[in-house]
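Here are a few notes to read alongside the model. Have it open while you go through the points.

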Amino acid sequence: MPYKRISGSISTPKVDVMIDMGNPFLNLSVDGFLKMGTVAAAKVAAEEAYYIVKRGNVSSHKFEHTLKKMCKQGAYWGTIAGLYVGMEYGVERIRGTNDWKNAMLGGAVTGAIISAASSNSKDKIVVDAITGGAIATAAEFLNHLT
């Protein structure tokens with residue numbers, strides 16, 4: 001039975017919340033899900049706030065629609081992030097090293113799984129795997145520049 005603990009800190013502009021599930025793989029996957037899901041929900045909230053101001057009307061129907069959209073986008077992008085972080089961690093454990101190749105393989109596997117789950121053709125799955133690997137590798141290289 002995993003031990004669940006929630007801790008948080010707000011000492012800098014960075015907010016960090018860690019949930020201890022008792023397994024590093026689960027810890028990283030849940031952390032990625034929560035962080036990216038929050039970003040996606042905030043993105044939807046900002047977009048919808050813009051449209052509300054632009055139209056000049058607020059209704060309970062629009063508010064309910066916004067909440068549903070926030071939950072849907074948060075869950076979708078959170079799942080992708082959790083899957084990617086978990087795949088990258090798994091590749092790191094298998095390879096025994098921490099380098100850009102883990103990001104490339106994790107991104108490629110994540111792209112392929114998400115594409116296959118969307119019932120895409122074989123060619124589209126391959127293209128999405130290549131795209132996922134390329135984006136993850138580029139992000140890894142950019143993280144090491146700073």
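Predicted model: local features only at pLDDT ≥ 70, side-chain atom pairs only at ≥ 80, totals over all residues.

1. Axes here are lines fitted to C-alpha atoms, for helices over the stretch in contact, with angles from 0 to 180 degrees between N-to-C directions.

2. Residues are numbered from 1 along each chain as its sequence is written, and side-chain values use heavy atoms, with hydrogens and water left out.

3. Next, H2 and H3: their axes come within 8 Å and cross at roughly 135 degrees, so the two are oblique to each other. This crossing is right-handed too. Among the residues that meet are Tyr76, Ile80 and Tyr84 in H2 and Leu105, Val109 and Ile113 in H3 (contact means heavy atoms within 4.5 Å). By class, that contact has eleven nonpolar, four polar and four charged residues.

4. H3 and H4 pack at about 145 degrees with axes 7 Å apart, again in a right-handed crossing. The contact includes Trp100, Gly107 and Gly111 of H3, along with Gly132, Gly133 and Phe141 of H4. It divides into ten nonpolar, six polar and three charged residues (Ala, Val, Leu, Ile, Met, Phe, Trp, Tyr, Cys and Pro count as nonpolar, Asp, Glu, Lys and Arg as charged, and the others, Gly among them, as polar).

5. Where does the lining of the largest pocket come from? H1 (24-55), H2 (60-95), H3 (100-117) and H4 (122-145) each supply at least two residues (helices are DSSP runs, H or I, of at least four residues, numbered from the N terminus). H2 gives the most, with nine.

6. That pocket has a volume of about 860 Å³ (on a 1 Å grid, an open set of points where a 1.4 Å probe fits, with protein on both sides within 12 Å along at least five of seven lines; lining residues have an atom within 4 Å of a point; the volume is the space filled by probe spheres set on the points). Of its 27 lining residues, Met36, Ile80, Ala81, Tyr84 and Val85 are the closest to the centre.

Definitions and conventions: Left-handed = near helix turned anticlockwise from the far one by under 90°. Parallel < 35°, antiparallel > 145°, perpendicular 65-115°, else oblique.
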